[in-house]
Amino acid sequence: MESSSNKSICGDKRRTVGEFLAQFDLLELDDNLNYENFCLICDKLFMPDEIEQHKWRIREIFRLFDVDKDGLLKEEEYKIFCDWARVIHKPVSALLIVDVQNDFIDGSLSLRECEYKQDGTDVVEPINRLVKNGRFDKIIYSLDWHPDNHISFYENLHLRELHPESEVTKENAKLFDKVMFADPCVEQTLWPKHCVMNTWGAELHKDLTVAPGSEQVRKGQNPEIDAYSVFFDNSSKVETELQNILRKSAVTHVYVCGLAYDVCVKATCMDGLRLGYALAVIDDCCRGVNSNNTEAAKKLICENGGLVTNSDDVLAFVNDGKRSLVMGHHYAKAMTSSSLSANGV
């Protein structure tokens with residue numbers, strides 16, 4: 001099935017997708033692919049239960065590639081399909097472990113003391129199982145790493161003036177309230193002092209396995225702005241080193257887990273999806289602050305193209321070659337929004 005032009009499109013690095021496509025007993029493509037044959041390929045690529053639940057995604061992926069709407073993927077459309085199939089067939093996967101630190105488990109901002117009453121230690125064992133058994137191409141740990149005078153600390157409220165329009169005043173402010181600061185003009189949740197750099201509270205939990213060759217990203221070091229996401233600070237203007245780490249390893253798929261589900265995990269997932277990564281949040285490896293906000297976070301991640309999954313399925317993805325249609329759909333949207341415009345299609 002793989003023509004010489006297909007080999008030139010996919011190149012040596014993509015030879016495996018050619019071998020994958022060659023298993024289909026289809027008519028000579030001549031670098032054209034119709035919807036029927038595309039469906040046959042997707043049936044082999046993705047898990048049957050996801051296909052059953054999300055058949056519409058296959059149709060939409062084809063429509064994304066079929067720019068001229070003639071029912072065939074050809075020329076530049078076919079090249080982009082090949083690039084997509086190569087990534088889906090052989091993804092480069094990263095495990096991103098968010099803020100599994102002492103203060104969120106046993107310290108000043110212990111999740112057990114928050115509204116949801118969840119125990120942060122519950123994530124350690126399933127995360128360790130992923131680190132030990134998962135064949136990830138990259139493993140990254142993030143750490144909240146705040147200076148003592150950080151803007152997010154309730155204890156530092158006296159250090160800065162509030163905006164005249166702040167609904168909460170210094171006199172009536174309580175822990176976990178949101179205030180509006182004047183300079184910088186930002187809305188900020190008031191957290192207990194936590195994860196102060198170079199303290200016990202900022203250390204990764206002692207039982208968390210740190211993989212050899214893994215990398216760490218420290219966030220929230222600017223005293224004037226918080227940083228929930230591992231990608232950016234809360235202004236979405238200042239980037240961490242995470243993207244450089246992912247780019248160097250050519251990562252396409254990101255699996256996110258850690259603490260807290262409805263704060264830093266959610267923000268990280270939303271930025272990762274916006275940046276075009278195929279992304280899944282690992283539900284049994286996360287714990288949250290607030291029950292309603294945690295459920296809302298899951299819904300928001302799904303609505304923006306992310307997959308809510310579990311550690312068993314993640315091991316099947318990275319070890320056994322199983323693939324998610326939800327993640328493949330999001331990656332197709334990301335590819336077509338950039339590749340097609342870049343090539344003038």
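Colleague: Which helix gives the most to the lining of the largest pocket, and with how many residues?
Modeller: In this predicted model, β6 (187–189), α10 (261–274) and α11 (291–303) each supply at least two residues of that lining. The element that gives the most is α10, and its contribution is six residues.

Colleague: How much space lies in the largest pocket, and which residues are the closest to its centre?
Modeller: The space in the largest pocket comes to about 730 Å³. Its lining is made up of 29 residues. By class, these divide into 13 nonpolar, eight polar and eight charged. The closest to the centre are Lys178, Thr189, Tyr228, Val263 and Lys266.

Colleague: How do α10 and α11 pack, roughly parallel or roughly antiparallel?
Modeller: The axes of α10 and α11 are 10 Å apart, and the angle between the helices is about 10 degrees. Angles under 35 degrees count as roughly parallel. The packing of α10 against α11 is therefore roughly parallel.

Colleague: Which residues make the contact between α10 and α11, and how do they divide by class?
Modeller: From α10, the contact takes in Tyr261, Asp262, Lys266, Cys269, Met270 and Leu273. From α11, the partners are Asn293, Thr294, Ala297, Lys298, Leu300 and Ile301. By class, the contact has seven nonpolar, two polar and three charged residues.

Colleague: Where does alanine 260 lie, and what kind of peptide bond joins leucine 259 to alanine 260?
Modeller: Alanine 260 belongs to the loop between β8 (253–259) and α10. For the bond that joins leucine 259 and alanine 260, omega is about -10 degrees. This peptide bond is cis.

Colleague: What is the peptide bond from aspartate 183 to proline 184, cis or trans?
Modeller: Proline 184 has its place in the loop between β5 (178–180) and β6. Omega of the bond from aspartate 183 to proline 184 is near 5 degrees. That bond is cis.

Colleague: How many cavities of 30 Å³ or more does the structure hold, and which residues are the closest to the centre of the largest cavity?
Modeller: The structure holds one cavity of 30 Å³ or more, and about 140 Å³ of space lies in the largest cavity. Of the 15 residues that line the largest cavity, the closest to its centre are Phe104, Leu109, Asp144, Val263 and Cys264.

Colleague: How is the lining of the largest cavity divided by class?
Modeller: The classes present in this lining are nonpolar, polar and charged. Their counts are eleven nonpolar, two polar and two charged residues.

Colleague: How do α8 and α12 run, roughly parallel or roughly perpendicular, and which residues make their contact?
Modeller: The axes of α8 (residues 124–133) and α12 (residues 311–320) come within 11 Å and cross at roughly 10 degrees. That angle makes α8 roughly parallel to α12. The contact is made by Arg129, Leu130 and Asn133 of α8 and Ser311, Asp312, Val314, Leu315 and Asn319 of α12. These contact residues divide into three nonpolar, three polar and two charged.

Colleague: Where is lysine 69, and what is the value of its phi?
Modeller: Lysine 69 has its place in the loop between α5 (55–65) and β2 (72–74). Its phi is positive, in a residue other than glycine. The value is near 60 degrees.

Colleague: How many helices and strands does the protein chain have, and what is its radius of gyration?
Modeller: The secondary structure comes to 13 helices and ten strands, and the C-alpha trace spans about 75 × 45 × 35 Å along its principal axes. With 345 residues, a compact globule would have a radius of gyration near 20 Å, which agrees with the value for the protein chain, 22 Å.

Key. Residues are numbered from 1 along each chain as its sequence is written. This is a predicted model: local features need pLDDT of at least 70, side-chain atom pairs count only at pLDDT 80 or more; totals for chains, interfaces and linings use all residues. Side-chain values use heavy atoms; hydrogens and water are left out. On a 1 Å grid over the protein atoms alone, a cavity is a set of points where a 1.4 Å probe fits but cannot get out, and a pocket is an open set with protein on both sides within 12 Å along at least five of seven lines; lining residues have an atom within 4 Å of a point. Grid points are joined across faces, edges and corners, and a volume is the space filled by probe spheres set on the points. Ala, Val, Leu, Ile, Met, Phe, Trp, Tyr, Cys and Pro count as nonpolar, Asp, Glu, Lys and Arg as charged, and the others, Gly among them, as polar. Axes are lines fitted to C-alpha atoms, for helices over the stretch in contact, and angles run from 0 to 180 degrees between N-to-C directions. Helices (H or I, at least four residues) and strands (E, at least two) are DSSP runs, numbered from the N terminus. Angles under 35 degrees count as roughly parallel, over 145 as roughly antiparallel, 65 to 115 as roughly perpendicular and the rest as oblique. Contact means heavy atoms within 4.5 Å. The radius of gyration is taken over C-alpha atoms; the globule rule is 2.2 Å times the number of residues to the power 0.38.
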